[in-house]
Amino acid sequence: GPSQLVTFDLKPNAPADIRGEFREISTSVPGIRISEHLPRLAVVMDKFSVVRSVTHDNSSHLPSSHLMQTGYVEPNAISGRNMNPSTGSVVARVRGPVIGGLPTYVCVPKQQAFANAGYLGAACNPFTTDVEPNAENFEVRDLEIPSGVTPIRMEHRRGLLRDLDSLRRNLDVSGQMAGMDAFYQQAMDLITSPNAHRAFDIEQEPDRVRERYGRSSMGQNLLLARRLVESGVSYVSCLSGGGWDTHVNNFGEQKNVLLPRLDQALSALITDLYERGLHNRVLLNVMGEFGRTPKINKDAGRDHWPGAFCVLMAGGGLQMGQMIGTTDRHGAYPTSKPYSPGDVLATIYHVLGIDWQQEFHDLAGRPIKILSTGKPISELA
């Protein structure tokens, strides 16, 4: 739940108990101003756009996270249980692998809430590193053949597994075994693929590049994400390192930890995408599940607020250098161009060449659209 009021939608003329203590600064785009604690992003404002008028009506973490990851409302969302497939899982199902030996969908360093495939099956779940790329001697365990197991023994094990599963596969009517078949094939491809080993080897990056991103969890997550998409992974989801739920000491945490970390890592990735010529085919999407209350609480914090919040997008061949949508004088609700989580996700699918109105079938055979509502944001197209 990053705050719109300390990042991209400051309200300098609002009362003190709403505007807080941060000031605006100019950016590389005339007329656009953002937080003083995002100076590096201000320099590259022409290379990204922000939708300031995203809105929905649920202020609870889990239902809001499910909505932002899937486009579907699930009031009784339970952590780890996808009622609908995540965006990355849809990409895995529709696009499949770009290059052999690489997963389609990766979460770094672990899954965010509601990252799984739901009824699309295990083969569309994400691959995770399960280790922070910022860790010393970072190594992705599941890319290695177990110690003492030769390639010949691995192939024998694979054949035995295939034989043992044959009876269950013949009896299976749910489609789960077919999904597991694909999952096992992906696992075999990964541990035998030189492409995967190279893509995940963040130690190949020069120290100056790693320092530019920042030696934070977010910085190294984003650097690894760049390596992965450059190598052929279709969809990478990165956790930001946490800390955004600022019910207490909002301004101290934002000024000293959250905004500097965000500013360094994001500006480095945006610059990198442009310098490497990736900006027309790679889309960067940055969002939380909601924003924060306009009014500062008694603990100098801000609480959950879904009425209006910001989503950043960079690259993807979209129109950059914009602030899209406006909010009222307190940053509470949109006053123009209100957009839903479905609109944000439809924009992502559009960039990836996926029909956001396409239908899948759940395990009961019922048709379900990728998104219940939404269409691409026209100002970005």
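Student: Why does Asn-249 count as partly exposed?

Tutor: This is a predicted model, and the value is computed from it. Asn-249 has 37% relative accessibility.

Student: Where is Asn-249 found?

Tutor: Asn-249 sits in the loop between strand E6 (235-238) and helix H10 (250-275). Its phi is near 55 degrees, a positive value in a residue other than glycine.

Student: What makes Phe-114 buried?

Tutor: The relative accessible area of Phe-114 is 1%. Buried means under 20%, so Phe-114 is buried. Phe-114 also has a positive phi, near 60 degrees, and is not glycine. Phe-114 belongs to the loop between E4 and E5.

Student: Which peptide bond is cis, from Val-108 to which residue?

Tutor: The bond from Val-108 to Pro-109 is cis, with omega near -10 degrees. Pro-109 lies in the loop between strand E4 (105-108) and strand E5 (127-128).

Student: Is Cys-107 buried or exposed?

Tutor: Buried. Cys-107 has 0% relative accessibility, and the class requires under 20%, so the label holds.

Student: Why is Cys-238 called partly exposed?

Tutor: Cys-238 has a relative accessible area of 25%. That value lies between 20% and 50%, so Cys-238 is partly exposed.

Conventions
Residues numbered from 1 in each chain as written. Predicted model: local features only at pLDDT ≥ 70, side-chain atom pairs only at ≥ 80, totals over all residues. Heavy atoms only, no water. Buried < 20%, exposed > 50% of the residue type's maximum accessible area, 1.4 Å probe, protein only. Helix = DSSP H or I, 4+ residues; strand = E, 2+ residues; numbered from the N terminus.
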